[in-house]
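Welcome! Open your viewer, switch to a cartoon view, and let's take a short walk together.

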Amino acid sequence: FYTGHMDLQRGDGLFGSIVVREYDKDNDYLGKYDFDLSEHVIVLNDWKNDTAYTFYKIADYYIDAILINGKGVMIKYLDDFDRIYQTPRAVFNVKYGFRYRFRIINAGYLFCPMQFIIDSHNLTIIAADGTFIQPTQVNSLVIYAG
């Protein structure tokens, strides 16, 4: 049905990733990782257990969960008890001693930044918004929607 809002599709889960891989043998960044696997695309999104139209209509700007590739934990409050509904967590398989390229996308619709961390691991940032940058090692990454 028509809600009068054409910009709410992301809040209702209508989004996805498109990754264009460039394999130029003269690319200096190819030596920065061992594997660039299609299953290593990480899509972060904020999620509300309601339609985006209802979310904006009642101005309830609290989310129920942050999801990674559509998986995560949602806390719902019922009868003065915290009931936890848990879906399977996103899992990314890697082997010790190898470097993997992960592509991270913030598909959130509240336009708030998310901090991405892999516990006890450093990250080397080699690109941002499809543009290679000087490799920079960090222990966390703040990413905005877009």
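Here are the stops of the tour, one selection at a time.

Before we start: this is a predicted model, where local features need pLDDT of at least 70, side-chain atom pairs count only at pLDDT 80 or more, and totals for chains, interfaces and linings use all residues. Residues are numbered from 1 along each chain as its sequence is written, and side-chain values use heavy atoms, with hydrogens and water left out.

**Confidence.** Colour the model by pLDDT, the predictor's confidence in each residue, from 0 to 100. The protein's mean is 77, and 64% of its residues reach 70 or more. Select residues 73-78: this is strand 3, whose mean pLDDT of 61 is the lowest among the elements, while strand 9 (residues 141-143) has the highest, 92. Where pLDDT is low, the predicted coordinates should not be read in detail.

**The sheet.** Strands here are DSSP runs of E with at least two residues, helices are runs of H or I with at least four, and both are numbered from the N terminus. Two strands pair if DSSP finds at least two bridges between them. Now find the open sheet of 3 strands, with order 2-1-5 and mixed pairing. Strand 2 (65-68) and strand 5 (103-106) are at the edges with a single partner strand each, so one side of each has no neighbour in the sheet.

**A strand pair.** Select residues 41-47, which form strand 1; 4 bridges join strand 1 to strand 2, and the two run antiparallel. Click L44 and look across to I68, its bridge partner in strand 2.

**Last stop.** Where is D64? Look in the loop between helix 1 (52-57) and strand 2. D64 counts as partly exposed because its relative accessibility is 23% (buried is under 20%, exposed over 50%, partly exposed in between, with a 1.4 Å probe and protein chains only).
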